[in-house]
Amino acid sequence: MNGPNLNLIGTRSPEIYGSTSLEELNASCRSWAADVGATIETYQSNHEGDLIDKLHSSRDADGVVINPGAFTHYSYAIRDAIEAIGIPTVEIHISNVRDREPWRRISVVSDVCVATVFGRGIIGYRDAIRHLVARAAWPVETIRYGPDPDNVGDLRLPRGPGPHPVAVLLHGGFWRDTAARDLLDSAAVDLTRRGWATWNVEFARIGGGGGWRATTKDVAAAIGSLADFAEGHDLDIDRVVAVGHGSGGHLALQAATRTGEIPISAVAALAPIGDLEAAHRAGIGSDAVDAFVLRTPEQSPERYAAASPIRNLPIGVPLLVVHGDEDDRVPAAISRSFAGRAADEGDTVIYHELEGVGHDELIDPATHAWAQVVEEIDRLR
Ligand code: DQA
């Protein structure tokens, strides 16, 4: 469902909303849905009451993806309609509403939605549809681990008796807040099917209070919180594997170097940013490293020494590092030298460089690459 003025995308502020028309967007949504075995209906209106009526008549759907347009920022009537129908609803915005006028940061619908996707362009609609399909595929319990809005995680439990090994999932996206844990939904579902309890966590990111200190602190708290609910959910806290992708791979490696209440027993680092200085030199993610560390290496070598996994070797637990040789977001060369150095420093490392594989295939259960990744992750349990 799209709200006011979204009938004009394609020509409306293309520098913000892109050049795709509503008709093209709807066609893409139908095909993204078909890809994951779902069927959808599309709807657009410029009128608040019509959107509310449409929500009411959507009660039988398994989920709703809604871009309420400017109504997002003040329509309590749409908020109440979402709450009233009580079906999983994802809030979506094409633009980065947190990086525009301050009033766009306010959403009165977020608290009744299961997820908010923003700032990813129209591909965010695909992610929103996938999120709903993943939610329907396996029961999920969202648990709060701290006081901040981003201190939440999704716990999925495998069938059968425990104690279950735990995979802590740390999503990528260059530590930025336009990326969120929904990126690892389908990986989480597949790992859960295979017998892992999965704890797919959110944490503060750049744009939402994150940065190396705040983000690392959240990740540590998310892992530590397993102690609070391990017993009730029959989790095996002696087998906790951190699985991270891209910048999440960085967070997983860093988390393993700390000895918290819940120690990490192994790391699966998928296309990880294992060397912040090399990543800074490569300028990856539009200078994401500088934004994350809040300094350049020249300004603060100490900070890079503290925050970069390759500077904290040995990590001290078994490492699985997988990288696609066609990754155009994080160069495979970073992992090649990281894995070599880690082994030199005494870590047990398995390194696979997958031929013809890019960045996202490593977390997509529909790919060949994932089949290899997950087989290796299973060996870490
Ligand atoms: C929007 C953001 C809103 O602030 C704006 O009023 C819109 C579109 C988006 O998709 O980015 O109409 O929801």
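How many of the 10 residues of H11 are buried? Seven of them are, and the helix is thus described as mostly covered; buried here means under 20% relative accessible area, with exposed over 50% and partly exposed in between, for a 1.4 Å probe and protein chains only. The account below begins with the whole chain and returns to this helix at the end.

The model is a predicted one, in which local features need pLDDT of at least 70 and side-chain atom pairs count only at pLDDT 80 or more, whereas totals for chains, interfaces and linings use all residues. Residues are numbered from 1 along each chain as its sequence is written, and side-chain values use heavy atoms, with hydrogens and water left out.

The chain contains 14 helices and 11 strands. Helices (H or I, at least four residues) and strands (E, at least two) are DSSP runs, numbered from the N terminus. The chain is as compact as a globular protein of 381 residues, because its radius of gyration of 21 Å is close to the 21 Å given by the globule rule. That radius is taken over C-alpha atoms, and the rule is 2.2 Å times the number of residues to the power 0.38. Along the principal axes, the C-alpha trace spans about 65 × 50 × 40 Å.

Of the 381 residues, 55% are buried. The accessible surface comes to about 16100 Å², and 47% of it belongs to carbon and sulfur atoms; such areas come from the Shrake-Rupley method with a 1.4 Å probe, and for residues only the protein chains shown count as cover. Among contacts (heavy atoms within 4.5 Å) between residues at least 6 apart in sequence, 73% join residues at least 24 apart.

The domain assignment divides the chain into domain 1 (6–130) and domain 2 (139–378); these bounds come from an automatic or database assignment. Their centres, taken over C-alpha atoms, are separated by 29 Å. Seven residues from domain 1 and eight residues from domain 2 take part in the contact.

Leaving aside residues up to four places away in sequence, Gly172 touches Ala179, Leu183, His245, Ser247 and Gly248. Phe174 also has its place in the loop between E6 and H6, and Phe174 is buried, at a relative accessible area of 14%. Its phi is near 55°, a positive value in a residue other than glycine.

Most residues other than glycine have a negative phi, and most peptide bonds are trans. One runs from Gly162 to Pro163, with omega near -5°, and Pro163 is placed in the loop between strand E5 (152–156) and E6. Another joins Leu313 and Pro314, with omega about -5°; Pro314 is in the loop between helix H12 (301–307) and strand E10 (319–324).

After H11 comes Leu294, whose phi is positive, near 65°.
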